[in-house]
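Please look at the sequence and the model together, and turn the model slowly as you read. The paragraphs below go from the whole chain to a helix, then to a sheet, and finally to a few single residues.

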Amino acid sequence: DIDDKAEFLTWCIYGKNGTGKTTLLSTTPNTLILAVEDGTLSIRDKVKTGDAKKIIIDAWDKVEQIYWLLNKGERYTNPKTGKVEGISIATAKGSFVVKTIAFDTLTRLAQVCLRNVILGEKEKDTSRDILKPTQADWGKMTQRMVYWLSMFKQLPLQNIWLCQERSNTEDVESEEAYIFPDLSQALRSYVCSDSDIIGRTYIKNVEPKFRI
């Protein structure tokens with residue numbers, strides 16, 4: 001039945017560095033962070049209390065391994081509602097119920113994926129660099145990213161996709177400014193169309209209403 005399944009939202013949050021994207025993760029329940037850019041220093045207190053875990057993503061194969069870890073994990077059922085609301089996985093310090101999977105960030109993950117597309121098993125060789133990826137390489141990267149992101153969406157988890165931002169002009173306050181997630185056009189199209197909620201983080205200076 002339609003109402004037998006809990007709603008697992010997919011969020012796309014984009015913004016510049018230091019505007020609070022990773023800090024926003026501190027408000028989500030039982031979060032497993034796939035840290036491609038390790039910006040978790042801002043939420044270290046939450047990590048210490050056990051409300052979040054992180055896995056450093058330095059190669060693409062880890063992404064696929066994490067999916068299968070979650071896919072085969074024990075489903076967590078809320079005793080009050082009887083509905084599945086997460087996945088229990090084993091860690092070095094005991095079990096952890098994952099309710100939210102967060103990619104920090106998709107912008108950097110796309111580069112990790114592209115590197116794997118071009119170099120394959122040699123992607124971990126830091127002496128090798130990607131100089132001129134072809135259009136076919138970009139296409140394969142997009143296909144792989146879309147496939148695996150859609151697979152993660154099928155798990156009983158909330159998905160959060162953090163992205164860096166890009167704009168068509170340096171003057172982001174102008175009427176002609178267009179600000180968007182920093183992803184290739186094809187990947188951005190998928191991410192924006194498959195997100196339930198899209199938000200942008202930014203810092204704005206405001207004058208206080210009252211002065212003492």
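The secondary structure of this protein comes to 6 helices and 11 strands, where helices (H or I, at least four residues) and strands (E, at least two) are DSSP runs, numbered from the N terminus. The model is a predicted one, in which local features need pLDDT of at least 70 and side-chain atom pairs count only at pLDDT 80 or more, while totals for chains, interfaces and linings use all residues. Residues are numbered from 1 along each chain as its sequence is written, and side-chain values use heavy atoms, with hydrogens and water left out.

Of the 212 residues in the protein, 41% are buried; buried means under 20% relative accessible area, exposed means over 50%, and partly exposed lies in between, with a 1.4 Å probe and protein chains only. Contact means heavy atoms within 4.5 Å, and among the contacts between residues at least 6 apart in sequence, 63% join residues at least 24 apart.

Helix α6, residues 185-194, has L187, R188, Y190 and V191 as its buried residues. These cover an arc of only 160° around the axis, which puts them on the same side of α6; the arc is that of the directions from the helix axis to the C-beta atoms. An α-helix has 3.6 residues a turn, so residues three or four places apart point the same way. On the face turned away from the buried side, α6 carries the exposed residues Q185 and S193. The cover over the buried residues of α6 includes β1 (10-15), α4 (106-119), α5 (135-153), β8 (158-163), β9 (165-167) and β10 (179-181).

C192 is also found in helix α6, and with a relative accessible area of 29% it is partly exposed. Not counting residues up to four places away in sequence, C192 touches P181 and I198. The C-alpha atoms of C192 and C12 are separated by 7.2 Å, although the two residues are 180 apart along the chain.

In strand β9, one of the elements that cover α6, we find E165, which is buried with a relative accessible area of 12%. The side chain of E165 is joined to that of R200 by a polar contact of 2.8 Å; a polar contact is a pair of N or O atoms within 3.5 Å, of which, within protein, one must be able to donate a hydrogen and the other to accept it, and residues adjacent in sequence count only if both atoms are side-chain atoms. Leaving aside residues up to four places away in sequence, the residues that E165 touches include Y14, K16, F180 and R200.

Elsewhere, 3 strands form an open antiparallel sheet in the order β4-β5-β6, where two strands pair if DSSP finds at least two bridges between them. Because β4 (74-77) and β6 (94-98) stand at the edges, each with a single partner strand, one side of each is left without a neighbour in the sheet. β4 is joined to β5 (residues 84-91) by 4 bridges, and T77 has V84 in β5 as its bridge partner. Helix α3 (residues 60-71) lies across β4, β5 and β6, and runs at about 115° to β5; axes are lines fitted to C-alpha atoms, for helices over the stretch in contact, and angles run from 0 to 180 degrees between N-to-C directions.

A loop can also hold a buried residue: T28 lies between α1 (21-24) and β2 (31-35), and counts as buried at 9% relative accessibility. Its side chain reaches the backbone oxygen of L25 at 2.7 Å, and it makes a polar contact of 2.5 Å with the side chain of T31.
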